[in-house]
Amino acid sequence: MLSHLIIGASGLYLGDMLFIAISFIVLMALIARVAWNPVTKMMGERADKIANDIDSAKKSRQEATDLADQRRDALSHSRSEASDIVADAKQNGEKQRTTIVADAQNEATQYKQNARKDIEQERQDALKNVQADVADISVEIASKIIKKQLDPEGQQALINSYIEGLGKHESR
């Protein structure tokens, strides 16, 4: 009677059910051994690969960010350095300009002083020449007036007195 028991309204027998259950368990064991473990292993490897790719991408992104920061810092440093170089060049140019202007002014002052000295020297030379000419002319005039020839000492005394008189006459 047990073998003929009908379970529920479906009309399945207990023997058939046991056979189906045992077949299902054996089939599950075969699937687990043949397909499930390799598929699970493959899915785990795929998950690990994806996780590694995500980590690698994060690492690459971080490296790119770090590199961009380094380049930005280097660019900022280069700009700062370029500004310093330009400022130094301007300062050096200003110093050179000041030095050149001062040297030119000193040179111009020196030329003026030399020109004044030369003018004074020329004036002194001209005065001496004029005095010598005046002395010669005065000796001639004196000779003609006096009608006699003076000795050299007398001539010199006469010239000196005349020059002193000219100097006093000129300074008025």
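Guide: Let's start with a term: a residue is buried under 20% relative accessible area, exposed over 50%, and partly exposed in between, using a 1.4 Å probe and protein chains only. This is a predicted model, where local features need pLDDT of at least 70, side-chain atom pairs count only at pLDDT 80 or more, and totals for chains, interfaces and linings use all residues. Residues are numbered from 1 along each chain as its sequence is written, and side-chain values use heavy atoms, with hydrogens and water left out.

Visitor: Why does Lys 49 count as partly exposed?

Guide: Lys 49 has 45% relative accessibility. That lies between the 20% and 50% cut-offs, so partly exposed is the label.

Visitor: What makes Asp 53 and Lys 49 a salt bridge?

Guide: A salt bridge needs a side-chain nitrogen of Lys or Arg within 4 Å of a carboxyl oxygen of Asp or Glu. Here the closest N and O atoms are 3.2 Å apart, so the pair qualifies. Both residues sit in helix α1, 4 residues apart, about one turn of the helix. Asp 53 is partly exposed too, because its relative accessibility is 42%.

Visitor: Which side chain meets Glu 94 in a salt bridge?

Guide: That's Arg 97, at 2.7 Å from N to O. Glu 94 is partly exposed at 40%, and Arg 97 is partly exposed at 45%. The whole structure has 4 salt bridges.

Visitor: What is helix α1, and how do you know where Leu 30 sits?

Guide: Helices (H or I, at least four residues) and strands (E, at least two) are DSSP runs, numbered from the N terminus. Helix α1 covers residues 14–146, and Leu 30 is found there. The chain has 2 helices and 2 strands, running β-β-α-α from the N terminus on.

Visitor: How do you know where confidence is lowest?

Guide: We use pLDDT, the predictor's confidence in each residue, from 0 to 100. Strand β1 (residues 6–7) is lowest, at a mean of 48, whereas α1 is highest, at 89.
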